[in-house]
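Please look through the sequence and the model shown here before reading on. The report is written for someone who is new to protein structures.

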Amino acid sequence: TSNQPLGIMATSGISEITFGGAPTWAKVLDIEDACAVRAGGSYAFITTSTVREKWKQTAKASGDRFIWDSDKSDPAGYGQVAGYAACATGNMDGTSDKIVFGNWRDLVIGIFGAVDVLPDPFTLGTSGKLSLTYILNYDIGVRHPESFVRSADSAAQ
């Protein structure tokens, strides 16, 4: 709305998987199956820290490895899910149990013009400092909606 980028969660034509309960390995594989996985793509899971923590505690099957495999030496929270790269971020809006899986080469980021720098000598004038405001005009689009799958209920149950 209001000429704002939609983002992947609000783009029409993207498949959606509903967990409807606790996360399971079968539902994770449903995500991969719902995506039009093709050779040559750059596929990965992006989610929230809530999902990452839940998936680190959920076994694929009894006595098996966990859904989220992580490298203990990586404190940033990167890992693997179903053999694909996985990352947790605080930049997903709304609920804390969202997931997006897809071919990130099909996400297009368009930057219009250059970065505008607006100096403001008045706001911090009494301190002898200069305030700078940076403005960047951009838009984000999905080239092929079938290259992405989303879920909004993947961990909280």
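The sections below go through the cores, the surface patch, the salt bridges and the aromatic pairs.

## How to read the model

The structure is a predicted model, in which local features need pLDDT of at least 70 and side-chain atom pairs count only at pLDDT 80 or more, while totals for chains, interfaces and linings use all residues. Residues are numbered from 1 along each chain as its sequence is written, and side-chain values use heavy atoms, with hydrogens and water left out.

## The nonpolar cores

In soluble globular proteins, nonpolar side chains tend to be buried together. A nonpolar core is here a set of buried Ala, Val, Leu, Ile, Met, Phe, Trp, Tyr and Cys residues joined through side-chain atoms within 4.5 Å, where buried means under 20% relative accessible area, exposed means over 50% and partly exposed lies in between, with a 1.4 Å probe and protein chains only. The largest nonpolar core has 17 residues, and the members that touch the most others are Ile31, Phe45, Trp55, Val81, Ile99 and Phe101. Two or more residues of this core come from each of α1 (25-34), β2 (43-47), α2 (49-57), β5 (84-88) and β6 (99-103); such helices (H or I, at least four residues) and strands (E, at least two) are DSSP runs, numbered from the N terminus.

Phenylalanine 101 is buried, with a relative accessible area of 0%. Leaving aside neighbours within four places in sequence, phenylalanine 101 is in contact (heavy atoms within 4.5 Å) with residues including Ile31, Cys35, Val37, Phe45, Tyr84 and Phe148. Asparagine 103, which is found in strand β6, is buried as well, with a relative accessible area of 5%. Not counting residues up to four places away in sequence, asparagine 103 touches Arg38, Gly41, Ser42, Tyr43, Ser147 and Phe148.

## A nonpolar patch on the surface

Which residues form a nonpolar patch on the surface? They are Ile109, Ile111, Val115, Val117, Leu130, Leu132, Tyr134, Leu136, Tyr138 and Ile140, and together they have about 950 Å² of accessible area, a value from the Shrake-Rupley method with a 1.4 Å probe, for which only the protein chains shown count as cover for residues. Patches are made of residues with over 30% relative accessible area and no salt bridge, with like charges joined within 9 Å and nonpolar side chains (Val, Leu, Ile, Met, Phe, Trp, Tyr) joined within 5 Å.

Strands β7 (107-120) and β8 (131-142) each supply at least two residues of the patch, and the largest share, five residues, comes from β8. Valine 115 lies in strand β7 and counts as partly exposed because its relative accessibility is 47%.

## Salt bridges

The structure holds five salt bridges, a salt bridge being a side-chain nitrogen of Lys or Arg within 4 Å of a carboxyl oxygen of Asp or Glu. One of them joins the side chains of arginine 52 and glutamate 53, at 3.1 Å from N to O; arginine 52 counts as buried at 14% relative accessibility, whereas glutamate 53 counts as partly exposed at 34%. In another, between arginine 65 and aspartate 69, the closest N and O atoms are 3.4 Å apart, and arginine 65 is exposed, with a relative accessible area of 54%.

Arginine 143 forms a salt bridge with aspartate 106, where the closest N and O atoms are 3.6 Å apart. Because arginine 143 lies in the loop between β8 and β9 (148-151) and aspartate 106 in the loop between β6 and β7, the pair ties together parts that are 37 residues apart in sequence. Arginine 143 is partly exposed, with a relative accessible area of 49%, while aspartate 106 counts as buried at 5% relative accessibility. A network of salt bridges links Arg38, Asp106 and Arg143.

## Aromatic pairs

Eight aromatic pairs are found in a search of the whole structure. Rings of Phe, Tyr and Trp (its six-membered ring) pair if their centres lie within 6.5 Å, and planes under 30 degrees apart count as stacked, over 60 as edge-to-face and the rest as tilted. Phenylalanine 45 and tryptophan 55 form an edge-to-face pair, 6.2 Å centre to centre and with 75 degrees between the planes. This pair links distant parts of the chain, with phenylalanine 45 in strand β2 and tryptophan 55 in helix α2, 10 residues apart, and both residues are buried.

Tyrosine 84 and phenylalanine 101 form an edge-to-face pair at 4.9 Å centre to centre, with 70 degrees between the planes. Tyrosine 84 is in strand β5 and phenylalanine 101 in strand β6, 17 residues apart. One aromatic cluster is formed by Phe19, Tyr43, Phe45, Trp55, Tyr84 and Phe101.
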